[in-house]
Amino acid sequence: MAEINKDDFKKQVQDYLKVLSRKSIKEASDQQIFQAVSYAVKDIVVDQWMATHKTIEEKDAKTVYYLSMEFLTGRALGNIIIALKGNEAIKEAVEELGLNLDVVEDQEPDAALGNGGLGRLAACFLDSLSTLGYPAYGCGIRYKYGMFKQKIENGYQVEKPDNWLKYGNPFEIKRPEYAVEVKFGGYVAVERDEHGRDKFIQRDCQSVLAVPYDLPIVGYNNNVVNTLRIWDAEAIDTFNLDSFDKGDYQKAVEQENLARTICEVLYPNDNHMAGKELRLKQQYFFVSASVQRAVSKYMEKHDDIKKIYEKVCFQLNDTHPTVTVAELMRILMDEYGLEWDEAWYITNKTCAYTNHTIMSEALEKWPLELFSRLLPRIYQIVEEINRRFIIKIQEEYPGNDDKVRSMAIIYDGQVKMAHLAIAASFSVNGVARLHTEILKKQELRDFYLMMPEKFNNKTNGITQRRFLLHANPLLANWVTGKVGDDWVTDLPKIEGVGVYAQDELSRKEFMNIKYQNKVRLAKYIKEHNGIEVDPRSIFDVQVKRLHEYKRQLLNILHIMYLYNELKRNPDMDFYPHTYIFGAKASAGYIRAKQIIKLITSVGDVINNDESIKGKMKVVFIENYRVSNAELIFAAADVSEQISTASKEASGTSNMKFMLNGAITLGTMDGANVEIVEEVGEENAFIFGLSSDEVIKYENEGGYNPRDIYNVDTEIRAVLTQLVDGTYSHGNYDEFREIYNSLLDGCGGRADQYFILKDFHAYDEARRKIDAFYQDEDAWAAAAIKNVSKSGKFSSDRTIEEYAKEIWKLKKLKVKVPKD
């Protein structure tokens, strides 16, 4: 990789300021300077990007298309500079221009292309694909406003538009030459072609133009730049003058309105039919565009569509892109004239599916009426897939209607997308060993018994380049000083730091780095929350999407429990704690939003109680996202991974915390199981019901939370505070629904996620952590051990497994031509 010339770079920055802003450096705003620096960096990247795609074409390399509704990439500039190994040169060049690179980076908004772990995993995977040299496209949607920007007002979550594209995105390139048409609605007409075969044509439909925007995904120090292709929707006819002249103003802009709504927000509220329809439109929109373009790209270099699976693989990231199956069938049959059996054979060898959830309610199901009306040709194809699949089930299990009921793709007026993905894919993988076993034994058992060869596990991973090298430079430099920098592309090499857990000086160095990172986060909290927190307190952190099974409620109820204890015994031995939360709740998820209100309300009481002398602080970090997550992971002492056992597919925040030297407090759920195997039970704090115990209670009963409530006075006191106005300024009904859900179920099973059942085990684990933390040498040794054992959890390892076992990809060697 060519070295970056500082003088050339400085000139480019100044030139871009002139071209883009008509400003000099002294006159330009911070945002304008960010744009100019980004364009100068992009200039370096583009040569590698072009060379990569030329290499792919010359080698005729098989490519994976990673289809995902989310790509939570975070800020691009800093990550790209690190990948180019240009940090020192660019930092010096920027400083010589009288600027601060950290300030420049801070002008970049997080790309609002995702929300939770699903999207961050997709971003980590793209980073690893490029760094390992595998040819890939990420395919998604160019959301205008993301999911939402979270504001906390009077303790409540308020959703605001996340206008991340306000100033444009300097790294994207619009590719109108690859635009394709996507059709919705209408009806399917059947005509005969010149060979007497049926030809299916969609009539009276609404159409939009899908226009791709390409973003570079830069591999670390290897000249490989893959592409994240996000699709925007434009009207095919932007303005119907005839309708306007006739006074039908709404019809005049109908297509423009349709196009605009498709790409406005991620996960529109689907508590109503209009929201469901928009979600399905979004899914088909980006899938159809991506598959159409992938097929066209293949046919530009090949003349036999029947061998596309030799050069293309579609990886479905959860059920959202499952219409890929039917769309590929449509293209193969309707546009290339293949018969059903040929098209099905090709589709089955081209599509692979990753399942990300054990929760049956999260496996997407579409109302048949909506699906058939919005996607009439796709529905016909799904109907035929279902008819043939049911015949296979009946042949395998004659007379067994229960099997048909549990496995049919269309049943009870619903189109079941997970069933379609499993039936049509050659590979079905879970994302942690425990998750995969639960899928095989519980949720997808019938599918596994019928086609076990499809099922496999690919434990998730994270990119160390984002979450250590970029997010925690102090610790990254410490690690490199101990074991060299090979860990940047080969994370298992980090195991070498393990021996320093026994070295007193190294332990002190490590704890000093942690303290400095805590000071950094404390400053952020003071600036954004107005709360003073003590960097010498235990930073106990739970940051992740807000869902009941992740049990943020258990955490805050236990904090209330400890606060009650501290109020009764103000002189008790209690090591100072800062409890840190960060989470977004889906806009339509009312109880999750109530839990956020509870957390902020408890924080308001505790943080303003002078009688406890600052021993406890509760902080809810607003608008949790990648850029503030990087500060949080680096500063955390305790990693809260407390989901109800059997409910978390994998989790990846557990891995990010581990990599940064936080110690896991968790249940044996998801990837926690494998983390404990790596680091040892003595270096983690595990509590609570096992997955088998949870599943047994769910299937057989035997748990009544009122039995605990009736005999445990301290738990009863905590629950009573939900409805006696303690944390709601006398409003007895503010948290009543949470109270009822724990004791009566609110229409579901009481205490569905076993919060009261696990409460005292959680309390015991937390007390053990408190005692352990006060032995600084032992704590530092355990934290270093966690860092040293994080090697397995690199997304590089995960991607190597996908590439070799599922996608069958070969690595690229890219040379950039010299000028």
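Let me start with two residues: W478 and F510 are both buried, where buried means under 20% relative accessible area, exposed over 50% and partly exposed in between, with a 1.4 Å probe and protein chains only. The model is predicted, so local features need pLDDT of at least 70 and side-chain atom pairs count only at pLDDT 80 or more, while totals for chains, interfaces and linings use all residues. Residues are numbered from 1 along each chain as its sequence is written, and side-chain values use heavy atoms, with hydrogens and water left out.

First, the rings. How many aromatic pairs does the structure hold? There are 24. A pair means rings of Phe, Tyr or Trp (its six-membered ring) with centres within 6.5 Å; planes under 30 degrees apart are stacked, over 60 edge-to-face and the rest tilted. One of the pairs is W478 with F510, which is edge-to-face, at 5.7 Å centre to centre and 65° between the planes. This pair links distant parts of the chain: W478 is in helix α20 (residues 473-483) and F510 in helix α21 (residues 504-529), 32 residues apart. Helices (H or I, at least four residues) and strands (E, at least two) are DSSP runs, numbered from the N terminus.

Another pair is F772 with W779, which is tilted, with 5.7 Å between centres and 50° between the planes. Which of these two is buried, and which partly exposed? F772 has a relative accessible area of 21%, so F772 counts as partly exposed. W779 is at 1% and therefore counts as buried. Both belong to a cluster in which ring pairs link Y575, F685, F772, Y773 and W779.

Some rings also carry a charge over the face, meaning NZ of Lys or CZ of Arg within 6 Å of the ring centre and within 35 degrees of the ring normal. K518 lies over the face of F539, 4.9 Å from the ring centre. K584 lies over the face of F148, at 5.2 Å from the ring centre.

Next, the sheets. Six strands make an open sheet with parallel pairing, in the order β20-β19-β18-β21-β22-β23. Strands pair if DSSP finds at least two bridges between them. At the edges are β20 (616-620) and β23 (685-686), each pairing on one side only. Strand β19 (residues 577-582) runs parallel to β20 and is joined to β20 by five bridges. Within that pairing, Y579 stands opposite V618 in β20.

Helix α21, the one that holds F510, lies across β18 (538-543), β19 and β20 and runs at about 70° to β20. What does α21 pack against at about 80°? The partner is helix α32 (residues 776-788), with the axes 9 Å apart. Axes are lines fitted to C-alpha atoms, for helices over the stretch in contact, and angles run from 0 to 180 degrees between N-to-C directions. The two helices are therefore roughly perpendicular to each other: that word covers 65 to 115 degrees, with under 35 roughly parallel, over 145 roughly antiparallel and the rest oblique. The contact (heavy atoms within 4.5 Å) involves S506, R507, F510 and M511 of α21, and residues of α32 including W779, A780 and I784.

A second open sheet has three strands, β13-β15-β14, with antiparallel pairing. Its edge strands are β13 (365-367) and β14 (410-411). β13 pairs with strand β15 (residues 414-416) over three bridges, and W366 has V415 of β15 as its bridge partner. Helix α16 (residues 417-424) lies across β13 and β15, at about 45° to β15.

Helices α12 (residues 340-350) and α14 (residues 376-396) have axes that come within 13 Å and cross at roughly 85°. They are therefore also roughly perpendicular to each other. W340, D341 and W344 of α12 meet I381, E384, I385 and R388 of α14.

Last, strand β9 (residues 206-218). Eleven of its 13 residues are buried. V208 has A235 of β10 as its bridge partner. β9 and β10 form a hairpin with six residues between them, and N221 in the turn has a positive phi of about 55°.
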